[in-house]
Structure formats: structure tokens, C-alpha cells
Amino acid sequence: MTIQLNEKALTHARGLLRRGELVADERDDWSEHAPSADEENAFIEKHGIAEYAQWHLGEDTSKTEGTKGRYSFPYGDFRKLHRCAVISGESRAGQYDHASIENALKELLGGIDRKESADK
């Protein structure tokens, strides 16, 4: 397994953060907010696998290109950046020693929290 940081996805996530297109939810909310397999398939059918990839910070280069299994560490629901997804992903990335992904998620979480405290 060779999971690397998907730089295009990080750029996309930073754009969502900059524009305030985010949900400042709690860690445990991701189980409810994460897209279902059917929602993922519908998104791919409508937008293509390249757009799907932009919602995932991890890319396993040992997996076949053009498949959902190649992408991991989702950070949103295909509409907004979710704090709960970022927290969940950061924990998993740290657990499995994916330092570049963990650091990217820490950066996003810090940005979300700063934005939320500035908006209060």
C-alpha cells in the first residue's frame, strides 16, 4: 500500500476553507455526514472520478486508476468541508503513519477552528 498526499485535493479543500464552505461539526458527526456508497456512485456518475478524487486527501498509487478504492481520507460530503471528517482523518492518518496526510489535515483543522472563532 502506497498512500500519498493528493495535492489537488488539498488545494480544493483549502479553497473551500477560504470561501467558508464548511461545516463546523463535531468528531462523531462524520458517521452521519459521510456520503453513502450510493451517494458516492451517483457523484462519480455525474461528475467523474477526477472530481471524486478531489474530495480525498489520500491516493493509493498501488490501486487501479479510475477506481474508488484508490482514494482515501475524505474531508467532505461533495458540497462542503466537514470538521468531523478532518478530525477523523487526522486520527487515522496518524495511526497508520501517513505523516503528509496527517499534517495536511492538521492544517485544515487549524484553519477551520480559526475561521469559526473569528466568525463568533
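A: Gly58 stands opposite Ser72 in strand 4. This is a predicted model, in which local features need pLDDT of at least 70 and side-chain atom pairs count only at pLDDT 80 or more, whereas totals for chains, interfaces and linings use all residues. Residues are numbered from 1 along each chain as its sequence is written, and side-chain values use heavy atoms, with hydrogens and water left out.

Strand 3 covers residues 56-60 and is joined to strand 4 by 3 bridges, the two running antiparallel. Strands here are DSSP runs of E with at least two residues, numbered from the N terminus, and two of them pair if DSSP finds at least two bridges between them. His56 has Pro74 as its bridge partner in strand 4.

Strand 1 is likewise joined to strand 3 by 3 bridges, again in antiparallel fashion. Here Gln4 has Glu59 of strand 3 as its bridge partner.

Taken together, these strands form an open sheet of 3 strands in the order 1-3-4, with antiparallel pairing. Its edge strands are strand 1 (3-5) and strand 4 (71-74), each of which pairs on one side only. On average, neighbouring strands of the sheet are turned by 30° against each other, direction ignored; the axes are lines fitted to C-alpha atoms, and angles run from 0 to 180 degrees between N-to-C directions.

Strand 3 is largely enclosed by the rest of the structure, because 5 of its 5 residues are buried (under 20% relative accessible area, with a 1.4 Å probe and protein chains only).

Methods
Helix = DSSP H or I, 4+ residues; strand = E, 2+ residues; numbered from the N terminus. Buried < 20%, exposed > 50% of the residue type's maximum accessible area, 1.4 Å probe, protein only.
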